[in-house]
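Hello,

I am passing on the structure we talked about, so that you can look at it alongside my notes. Have a look at it first, and then read on below.

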Amino acid sequence: MKNNPLKINILLILLTGLFSLAPTCQSGITQSTTYPIELFSEMHYSPAYKSQETPRLQPVPEAVVNIDSIGTENQYDMTIEDFKYNHELGKDLYRVNCSFCHGNEGLGDGPAKEYIISENSYYSTNKVDGLPGSGSGTPYISPPQLNDIEGRYGNRDSAYNRIYQMLNSEIGFGPMPGFLRVLSEEERKQIIEFILDKDYGLNK
Ligand code: HEC
């Protein structure tokens, strides 16, 4: 017999039982004023255990992101009052942030180079459409030499502007990361001076 009324009744009784038992089941049920039945209780109804949280430090006021500056480059005037070039500091900042691509001496031979110029690198072009960024095609260019950048750009000012431009990017250029939010103005300037420094820097 297909529609056995007894079977349907048993099913109804079972279902009613399930729903009436549900409120006694602690994990599935939330407090009043929320949905009557909830099989997965929502996290935002859980009580907060403030007393068990570690104390929080307030951020320093200057730490607030300056939304206005996003996307608008070159509004940073690199003329810092009382700026003093320190070749030791410049060298160290260069070593930490740039040398693994551009090399310790600025010869473009840092340890990351082989990955950047590999065919399998994310930055190599796609074989199918020739567009950069998908791998297995033409490798990305090697990190350029920086020791000769003044000579290549003709004079110190042009070279300065070029490095300035590269360091003032939010997102970087290809594999080169953006340093606008990573280094302070002063740090960026120390690095530029170090690269162009003819006595202690890369431009020896
Ligand atoms: C992850 C690797 C990587 C790091 C780290 C890196 N660069 Fe680069 N850099 C590159 C690559 C690759 C290019 C070539 C970008 C292009 O033209 O598409 C480049 C280009 C440049 C250029 C342009 C050179 C020219 O001849 O016009 C300058 C200047 C430069 N980088 C400076 C720096 C400085 C300064 C740092 C450190 C603060 C740095 N880079 C960190 C990979 C890197």
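Phe 100 counts as partly exposed because it has 14 C-beta neighbours inside 10 Å; with C-beta atoms placed from the backbone, a residue is buried if 20 or more other C-beta atoms lie within 10 Å of its own, exposed if 12 or fewer, and partly exposed in between. What you have is a predicted model, in which local features need pLDDT of at least 70 and side-chain atom pairs count only at pLDDT 80 or more, while totals for chains, interfaces and linings use all residues. Residues are numbered from 1 along each chain as its sequence is written.

Phe 100 is found in helix 3, residues 99–102. Helices here are DSSP runs of H or I with at least four residues, strands are runs of E with at least two, and both are numbered from the N terminus. Leaving aside neighbours within four places in sequence, Phe 100 is in contact with Gly 110, Pro 111 and Ala 112, where contact asks that the C-beta atoms of two residues, placed from the backbone, lie within 7 Å. Gly 110 is 10 residues from Phe 100 along the chain, and their C-alpha atoms are separated by 4.3 Å.

Now for the whole chain. It has seven helices and zero strands, so to read it from the N terminus is to read α-α-α-α-α-α-α. Of its 204 residues, 14% count as buried. Among contacts between residues at least 6 apart in sequence, 46% join residues at least 24 apart.

How far can you trust the model? The guide is pLDDT, the predictor's confidence in each residue, from 0 to 100. The chain averages 77, and 64% of the residues score at least 70. Confidence is highest in helix 2 (residues 87–97), at a mean of 97, and lowest in helix 1 (residues 5–21), at 69. Over residues 24–30 the pLDDT is below 50, and this stretch has 12 contacts in the model beyond near neighbours in sequence. Residues 65–77 also stay under 50, with five contacts beyond four places in sequence. Helix 2 brings His 87, Leu 89, Gly 90, Lys 91, Leu 93 and Tyr 94 to the contact, and helix 7 brings Glu 187, Gln 190, Ile 191, Glu 193, Phe 194 and Ile 195.

Helix 7 is largely enclosed by the rest of the structure, because nine of its 12 residues are buried. Among them are Arg 188, Ile 192 and Leu 196. What covers the buried residues includes helix 2, helix 5 (149–153) and helix 6 (156–167).

Finally, the loop between helix 4 (113–116) and helix 5 holds Lys 127, which counts as exposed because it has 12 C-beta neighbours inside 10 Å. Beyond four places in sequence, Lys 127 is in contact with Ser 136 and Gly 137. Ile 141 has its place in the loop between helix 4 and helix 5 and is exposed, with 12 other C-beta atoms within 10 Å.

Best wishes
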